[in-house]
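Visitor: I have some questions about the structure shown here. Could you take me through them in turn?

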Amino acid sequence: MYKRAAPALGIAVALTLAVAMPAGAHALGQSFQLPVPQWLYLAGAGSAVAASFVVTALVARRANERPSYLRLAIPRFLSRGLRPALAGIGLIWWLGAILSGYVVGGISNLPAVLFWIGIWVGLPITAAFIGNPWPSLSPFRTLFAIAERGAQLLGFNQLDAGLRYPSWLARWPAVIILFSGLWAELVLPASYNALTVANLLLAYTVLTVAGMIFFGRVAWLRNVELFEVLLGWFGRIGPMGRRTVAADVCTGCEEGCDPERCIDCPECAVAAGNDERGAELRPWFAGLAELRSAGWSDAAFILLALAGVTFDGLNETFAWGQALNLLFPPFLKTFGALWAVQAVGTLGLAGLWLAFMLVFIVAVALTRSLGDEAARVARPLGGTVGLYAATLLPIAAGYMIAHYLTLVVAGVLWLPDLVVNPVTSVQPNLAWLPASSVWYLSVGAIVIGHIAAIALAHRIALRDAPARPVRAGLPLVALMVGYTVLSLWIIAQPITIEPRTAPSSPSAVAPAT
């Protein structure tokens with residue numbers, strides 16, 4: 001009997017160690033009784049996304065090389081006034097997470113809330129809602145500027161070792177760092193521990209500053225620094241963009257930007273000085289229409305971001321629990337309980353990412369085969385995959401809002417008390433927030449994200465396959481409808497109850513079991 005119970009006990013202990021995060025339950029601890037069966041919601045959402053493709057195809061018949069939309073320049077004095085304040089906040093926030101981890105030790109949740117909720121989850125959502133704040137917040141830009149100023153006082157012209165960043169590496173180092181971050185969040189045991197957070201952030205700080213010194217500030221931030229790349233992509237969704245106003249900054253830009261219309265360019269946004277760029281307001285998603293080029297590493301990065309948040313949600317489903325029952329025992333015999341959980345989690349995350357990559361590449365290849373010969377010759381498959389991958393960013397943002405928004409709300413409410421009482425503070429209860437509101441917000445965010453993605457993908461199809469853009473767009477539309485259903489099903493698992501299985505209580509909200 002003991003031999004039969006031991007594996008189950010090992011699984012339970014290992015899973016507890018691996019997933020116990022102080023604010024890690026993204027559900028509310030309560031359930032919402034659906035007024036109609038869940039499959040009707042899923043079918044309705046999928047149908048809405050499919051119908052949006054029909055409407056887009058009827059309305060949008062021609063794609064302009066340069067998108068046209070309303071823009072409003074933000075006065076320079078506002079930017080100049082906010083920039084130093086944001087730089088100070090970013091530096092204090094980042095270094096505060098490190099110092100509090102070492103000073104308070106493993107008994108406080110403050111470092112985890114500052115980083116995992118405030119930066120890792122909160123900033124991508126902020127970028128999608130408002131725009132990319134990282135160029136002003138980045139502690140690495142600030143630290144490097146301080147170090148560079150110190151080097152100049154010592155007689156050095158610049159803080160640069162002169163090594164050339166290999167162009168063939170593209171943004172693959174950022175992909176590796178993103179996978180490492182997702183692995184730390186979703187697989188690493190006790191990743192919320194204060195000392196663990198401090199060690200991770202300190203190691204990344206040393207890596208980033210050293211990389212900027214050896215390979216140059218522009219090359220490293222443009223290609224390797226995780227938050228520059230991640231928030232640069234999500235910032236294209238938001239209504240605030242950054243325009244480079246000095247044409248000479250664009251000279252020799254490897255992104256191939258247009259000097260007369262350089263908006264959110266990854267290289268020029270780093271190379272431009274404070275007086276060489278300006279902020280402007282625009283419609284949501286318009287920044288994605290400005291994208292001129294992308295490659296394999298960009299596609300891998302975006303699909304990994306989408307796979308990461310999907311895998312996080314999948315971890316909360318009964319289906320993943322059943323998969324663990326099949327995958328865990330062979331690893332348990334070889335590695336032991338804790339290492340087995342990490343091995344299964346790593347394989348799950350990597351496997352989902354590779355599956356997303358494979359399915360997406362096949363869909364884009366089908367779309368490309370239906371396009372014009374001239375477009376296929378002018379742009380290789382990697383370039384086409386990269387451009388279409390960027391259209392998935394609204395989907396990723398919608399899913400992040402659906403999955404993490406309650407976590408961000410909890411973090412915002414928790415942080416003031418954590419700063420005052422870093423040891424004794426308790427995570428706030430969100431029972432006051434109706435589960436029905438969370439569900440409908442999740443449905444809306446996911447559906448809107450997919451509709452925006454379809455419109456953006458259709459714009460590319462109009463350019464590359466003007467004779468038959470509808471046929472060319474069908475593979476990706478089918479893929480997006482399928483992911484709409486999958487993502488809503490994942491979101492529904494922790495917070496919804498089918499009408500036929502709901503408790504007989506007159507209340508629509510009941511405690512989750």
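Visitor: Is Asp264 buried or exposed, and at what relative accessibility?

Guide: This is a predicted model. Asp264 sits in the loop between β3 (240-244) and α11 (268-271). Buried means under 20% relative accessible area. Asp264 therefore counts as buried, at 15% relative accessibility.

Visitor: What is the phi of Asp264?

Guide: Most residues other than glycine have a negative phi. Asp264 is a residue other than glycine, yet its phi is positive, near 60 degrees.

Visitor: Which loop holds Phe285, and what is its phi?

Guide: The loop in question runs between β4 (277-281) and α12 (286-289), and Phe285 is found there. Phe285 is not a glycine, but its phi is positive, at about 75 degrees.

Visitor: How does Phe285 count in terms of accessibility?

Guide: The partly exposed class lies between the buried limit of 20% and the exposed limit of 50%. Phe285 has 24% relative accessibility, so it counts as partly exposed.

Visitor: How many helices and strands does the protein chain have, and what is its radius of gyration?

Guide: The secondary structure comes to 20 helices and six strands. For 513 residues the globule rule gives 24 Å, and the chain is close to that, so it is as compact as a globular protein of that length. The radius of gyration is 24 Å.

Visitor: What box do the C-alpha atoms fill, and what percentage of the residues is buried?

Guide: Taken along the principal axes, the box filled by the C-alpha atoms is roughly 75 × 60 × 45 Å. Of the 513 residues in the protein chain, the buried ones make up 52%.

Visitor: Among contacts between residues at least 6 apart in sequence, what share joins residues at least 24 apart?

Guide: The count covers contacts in the protein chain, with heavy atoms within 4.5 Å. Among those between residues at least 6 apart in sequence, the share joining residues at least 24 apart is 84%.

Visitor: How many residues of helix α10 are buried, and which residue caps its N-terminal end?

Guide: Helix α10 spans residues 226-235 and is mostly covered, with nine of its 10 residues buried. Among them are Leu226, Phe227, Trp233 and Phe234. At the N-terminal end, a side-chain oxygen lies 3.1 Å from the backbone nitrogen of Phe227, and the capping residue that supplies this oxygen is Glu225.

Visitor: Which residues does Asn132 touch, not counting residues up to four places away in sequence?

Guide: Asn132 is found in the loop between α4 (110-129) and α5 (134-137), and it is buried, with a relative accessible area of 10%. A polar atom of its side chain lies 2.9 Å from the backbone nitrogen of Trp134. Asn132 and Trp233 are 101 residues apart along the chain, with their C-alpha atoms separated by 8.4 Å. Beyond four places in sequence, Asn132 touches Ala127, Leu231, Gly232, Gly235, Met240 and Arg242.

Visitor: Which backbone oxygen does the side chain of Ser442 reach?

Guide: Ser442 lies in helix α19 (residues 435-464) and is buried, with a relative accessible area of 1%. Not counting residues up to four places away in sequence, Ser442 touches Ala402, Leu488 and Ile491. At 2.7 Å, the side chain of Ser442 reaches the backbone oxygen of Val438.

Visitor: Does Leu72 count as buried or exposed, and which residues does Leu72 touch?

Guide: Leu72 is found in strand β2 (residues 72-73). Exposed means over 50% relative accessible area, so Leu72, at 53%, counts as exposed. Not counting residues up to four places away in sequence, Leu72 touches Glu280 and Leu281.

Visitor: Which residues is Thr384 in contact with, leaving aside its neighbours within four places in sequence?

Guide: Thr384 has its place in helix α17 (residues 381-390). At 5% relative accessibility, Thr384 counts as buried. Leaving aside neighbours within four places in sequence, its contacts are Val364, Arg368 and Arg379.

Terms used: Residues are numbered from 1 along each chain as its sequence is written. This is a predicted model: local features need pLDDT of at least 70, side-chain atom pairs count only at pLDDT 80 or more; totals for chains, interfaces and linings use all residues. Side-chain values use heavy atoms; hydrogens and water are left out. Buried means under 20% relative accessible area, exposed over 50%, partly exposed in between (1.4 Å probe, protein chains only). Helices (H or I, at least four residues) and strands (E, at least two) are DSSP runs, numbered from the N terminus. A polar contact is a pair of N or O atoms within 3.5 Å; within protein, one must be able to donate a hydrogen and the other to accept it, and residues adjacent in sequence count only if both atoms are side-chain atoms. The radius of gyration is taken over C-alpha atoms; the globule rule is 2.2 Å times the number of residues to the power 0.38.
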